[in-house]
Protein chains: 2
Amino acid sequence: MTNGNLLAALPATRPPAEAFEVLVERAGWKVERIVSWGHVTAPGEWFDQTTDEFVALLSGAARLQVEGEPAPRELAPGDWVFLPARIRHRVEWTDEGKPTVWLAIHAVP
Amino acid sequence: MTNGNLLAALPATRPPAEAFEVLVERAGWKVERIVSWGHVTAPGEWFDQTTDEFVALLSGAARLQVEGEPAPRELAPGDWVFLPARIRHRVEWTDEGKPTVWLAIHAVP
């Protein structure tokens, strides 16, 4: 048994890079915490994953652009999105004043 | 693509029973929101699951008893626990003054 707190151990100041932490990995799925602080997907880049992802924003704020949608989705605490494999998406913006915490569940092939 | 908010559509008063809502179900895993409000595991009963579960408390408060541990774990917002299959556990208490929201990821055989 492992445990922790999704909102704990957050940086006090903006770190140079996003932080990715796998909390649990099992056959078929894994759970990851991501902490952003003003970080975005590099200009012109898209996530184009071969596996399904469920992602929830737990604190902070973000804008998620899904390819083909007219505008980014504004994400606030509690908001979740299911991103099937091959749905191209990018993070356009995350809060620059405080950490944004994501909880992601990824399918593992 | 589906989406929603984990903290939205909460009851204004205590409902008779816990609410279980499957948000996403894929081969090998599913994501479920559970809303408790003073609900607990029936006296003398234990959850004894054949599959692994990751559970996080997002709002409210709870006490989770794991078999063999000297005292229940006090869970606050952000707290998560990985419960491998066959770890017997029970919810001893949830906040009686407001909803307690859980996010659970279950392995699906």
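Asp52(A) reaches across to Arg26(B) in a salt bridge, with the closest N and O atoms 2.7 Å apart. The model is predicted. That pair belongs to the interface of chain A and chain B, where the rule finds two salt bridges.

Which strands of chain A supply the side that touches chain B? S1 (3–5), S2 (19–26), S3 (29–36), S4 (53–59), S7 (79–83) and S9 (100–107) each give at least two residues. S7(A) provides the largest share, five residues. By residue class, the side of chain A that touches chain B divides into 22 nonpolar, six polar and five charged.

Now the extent of the interface. The size of an interface is often given as the accessible area lost when the parts come together. Between chain A and chain B, the buried area is about 2,800 Å². Carbon and sulfur atoms give 69% of that area. On the side of chain A, Met1(A), Trp29(A) and Trp80(A) lose the most area to chain B. Together they account for 29% of what that side buries. In residue terms, 33 residues of chain A are in contact with 33 residues of chain B.

Trp80(A) leads on to the strands. Strands of a sheet pair through backbone hydrogen bonds, either parallel or antiparallel. Here S7(A) pairs with strand S1 of chain B, residues 3–5, in the antiparallel sense over three bridges. Where does Trp80(A) stand in this pairing? It is opposite Gly4(B) in S1(B). Asp79(A) stands opposite Asn5(B), again in S1(B).

This pairing belongs to an open sheet of six strands. Follow the order: S2(A)-S3(A)-S9(A)-S4(A)-S7(A)-S1(B), with antiparallel pairing. The edges are S2 of chain A and S1 of chain B, each of which pairs on one side only. From one strand to the next, the twist averages 15°.

Turn next to chain B. An open sheet of three strands runs there in the order S6-S5-S8, and its pairing is antiparallel. Its edge strands are S6 (73–75) and S8 (89–94) of chain B, each pairing on one side only. The twist averages 25° from one strand to the next. Within this sheet, S5(B), residues 62–66, and S6(B) pair in the antiparallel sense over three bridges. Leu64(B) has Arg73(B) in S6(B) as its bridge partner.

Last, salt bridges over the whole model. Side chains of opposite charge can pair when their charged atoms come close. The count over all chains comes to 16 salt bridges. One of them joins the side chains of Glu67(A) and Arg88(A), at 2.9 Å from N to O. What does this pair tie together? Glu67(A) lies in the loop between S5 (62–66) and S6 (73–75) of chain A. Arg88(A) lies in the loop between S7 and S8 (89–94) of chain A. The pair therefore ties together parts that are 21 residues apart in sequence.

Note on methods: Residues numbered from 1 in each chain as written. Chains lettered and ligands numbered in written order. Predicted model: local features only at pLDDT ≥ 70, side-chain atom pairs only at ≥ 80, totals over all residues. Heavy atoms only, no water. Contact = heavy atoms within 4.5 Å. Buried area = accessible area lost by both parts, 1.4 Å probe. Salt bridge = Lys/Arg side-chain N within 4 Å of Asp/Glu carboxyl O. Helix = DSSP H or I, 4+ residues; strand = E, 2+ residues; numbered from the N terminus. Nonpolar A, V, L, I, M, F, W, Y, C, P; charged D, E, K, R; others polar. Pairing = 2+ DSSP bridges. Axes fitted to C-alpha atoms, helices over the stretch in contact; angles between N-to-C directions.
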